[in-house]
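Colleague: I would like to learn how to read a model like this one. Please take the features in turn, with the general idea before the case.

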Amino acid sequence: MRLVIAVAMLIAAAPGAAQSGENGAEPAEPIIVTGIRLQDYRDRVAACSARDCPPDEDIAATLTLAEALLLEGEYGGARGAVRASIGRNRDQGRGFPEPVSHLYRADARLSRHLGFDRDALRSTHEILNALQEGIPREDHRHFTARLELAELQMAMARLGPALRELDRLEREAREAGRADVVTLVDLRKLWYRWIAEPNGTARAELIEMARSDDPDRRMAAVGARVLLARIHIEEGDRERADALLAEIGRGTAVRRRLRQSPAYQLQAHEVSFADGEQVDLTTAIAFGNVLKRLPDNFEDRWIDVGFWVMPDGRVSSLEIVRRGAEAGWADPLLESIRGRLYSTADEPTFRLERYTYTAGWDSATGRRTRARSPRARVEYLDLTLPDAAAGNPPTP
């Protein structure tokens with residue numbers, strides 16, 4: 001069976017809020033691997049180690065092997081490969097800060113999936129340590145690592161450490177003149193405060209922020225509306241949430257052209273393409289067979305995804321802002337969206353997109369009842385574009 005994977009999955013930064021500004025490095029192209037057996041990946045790592053190859057080559061080979069093992073469901077083997085490479089390269093942060101940080105990021109993600117939360121937290125700290133060792137001046141890479149650390153702290157119910165990390169990130173971002181990062185930090189801190197104390201002052205601050213009509217505060221106002229919509233949903237007020245999200249869609253008029261989108265497959269091992277063929281998002285969605293991975297229940301399977309497209313074209317702060325029933329089917333889709341690259345612009349823009357997990361109805365010969373097609377698919381609708389004239393803005 002052919003295997004088609006994109007090696008960016010394990011090292012893609014989940015929060016993404018602090019990705020490169022106009023002086024950032026160009027993103028690496030996804031590595032597409034086709035028709036190679038797991039043993040071939042293992043042999044490449046072994047050969048690299050035997051000839052004492054440079055750390056970046058060792059890490060690249062290891063991450064490719066770990067990706068393949070992960071897709072085969074061998075989580076423990078993937079983590080073992082990554083940890084072995086960490087043992088070989090843990091002291092290489094000064095000369096190879098980004099590859100080493102990618103290695104720790106992969107370990108953090110694998111550890112988290114396997115339930116080793118303390119190990120995940122240690123490796124997430126090491127992402128930042130490796131970058132600080134080799135890149136003393138804080139930039140978008142450090143900002144992203146700090147946000148990842150805050151996100152994990154919060155996921156582990158460690159509110160104090162999460163807020164302290166956000167405070168440090170805010171100071172560094174202010175010194176670097178990254179007003180966009182400062183805004184995203186402010187929004188994240190308000191969200192955390194609301195989670196910790198729903199009856200506190202965070203809601204009032206979000207309402208005030210959402211009502212701002214200052215063009216220089218547009219990013220903050222839109223972000224506050226998204227968070228308020230999430231609060232309304234948590235409280236069962238879907239109507240107010242819908243009104244806020246509809247207004248966001250009408251109010252974001254700047255078009256950003258999609259330049260790059262990582263391959264996305266609902267079930268990697270059910271798809272077979274020609275040797276060497278690179279599979280784009282549309283093709284992978286159309287032909288992904290998910291029978292062995294997902295339930296054949298397509299009722300109420302939809303999500304609304306909100307995210308910022310930063311000035312350099314990278315995706316930041318992706319959130320599921322609304323959803324129908326269970327949304328586990330969407331995990332590979334969300335990874336793909338996080339890895340997108342849009343055209344550049346002078347300021348961040350917000351996008352709101354609807355994705356629906358569905359399948360067609362088949363009428364089999366000799367049967368009076370209809371049945372779902374075994375070929376699942378995802379339908380897309382851009383909620384950012386206006387489909388009616390904007391009315392009065394809703395009251396937060």
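**Reading the model**

Modeller: Leu114 is partly exposed, with a relative accessible area of 34%. Buried means under 20% relative accessible area, exposed means over 50%, and partly exposed lies in between, with a 1.4 Å probe and protein chains only. This is a predicted model, in which local features need pLDDT of at least 70 and side-chain atom pairs count only at pLDDT 80 or more, while totals for chains, interfaces and linings use all residues. Residues are numbered from 1 along each chain as its sequence is written, and side-chain values use heavy atoms, with hydrogens and water left out.

Colleague: Where is Leu114 found, and which nonpolar surface patch is made with Leu114?

Modeller: Leu114 is found in helix 4, residues 97-114. Together with Tyr75 and Phe116, Leu114 makes a nonpolar surface patch of about 250 Å². Patches are made of residues with over 30% relative accessible area and no salt bridge; like charges are joined within 9 Å, and nonpolar side chains (Val, Leu, Ile, Met, Phe, Trp, Tyr) within 5 Å. Accessible areas come from the Shrake-Rupley method with a 1.4 Å probe, and for residues only the protein chains shown count as cover.

Colleague: How many helices and strands does the protein have, and what percentage of the residues count as buried?

Modeller: The protein has 13 helices and eight strands. Helices (H or I, at least four residues) and strands (E, at least two) are DSSP runs, numbered from the N terminus. Of the 396 residues, 49% count as buried. The accessible surface comes to about 19,300 Å², and 47% of that belongs to carbon and sulfur atoms. A contact means heavy atoms within 4.5 Å. Among contacts between residues at least 6 apart in sequence, 69% join residues at least 24 apart.

Colleague: How many salt bridges does the structure hold?

Modeller: Side chains of opposite charge can pair when their charged atoms come close. The cut-off for a salt bridge is a side-chain nitrogen of Lys or Arg within 4 Å of a carboxyl oxygen of Asp or Glu. The structure holds 32 salt bridges. One of them joins the side chains of Arg79 and Asp119, at 2.7 Å from N to O. Arg79 lies in helix 3 (residues 75-89) and Asp119 in helix 5 (residues 117-134), so this pair ties together parts that are 40 residues apart in sequence. Both Arg79 and Asp119 are buried. A network of salt bridges links Arg79, Arg83, Asp107, Asp119 and Arg122.

Colleague: Which residue forms a salt bridge with Glu326, and is Glu326 buried or partly exposed?

Modeller: Glu326 forms a salt bridge with Arg301, and the closest N and O atoms are 3.6 Å apart. Glu326 sits in the loop between strand 5 (315-323) and helix 13 (331-338), and Arg301 in the loop between helix 12 (281-287) and strand 4 (302-309), 25 residues apart. Glu326 is partly exposed at 40% relative accessible area, whereas Arg301 counts as buried at 10%.

Colleague: Which way do the residues of strand 4 point?

Modeller: In a regular strand the side chains alternate between the two faces of the sheet. Trp302, Asp304, Gly306 and Trp308 point one way from strand 4, Ile303, Val305, Phe307 and Val309 point the other way, and all are buried. Asp304 has a relative accessible area of 0%. The side chains of Asp304 and Arg322 meet in a salt bridge at 2.5 Å, N to O. Arg322 lies in strand 5 and Asp304 in strand 4, so the pair ties together parts that are 18 residues apart in sequence.

Colleague: In what sense do strand 4 and strand 5 pair?

Modeller: Two strands pair if DSSP finds at least two bridges between them. Strand 4 and strand 5 pair in the antiparallel sense over six bridges. Val315 in strand 5 is the bridge partner of Val309. The hairpin has five residues between the strands, and there Gly313 takes a positive phi near 95°.

Colleague: Which residue has a positive phi although it is not a glycine?

Modeller: Most residues other than glycine have a negative phi, and most peptide bonds are trans. Ala157 has a positive phi of about 65°. Ala157 is placed in the loop between helix 6 (140-155) and helix 7 (159-175), and counts as exposed at 68% relative accessibility.
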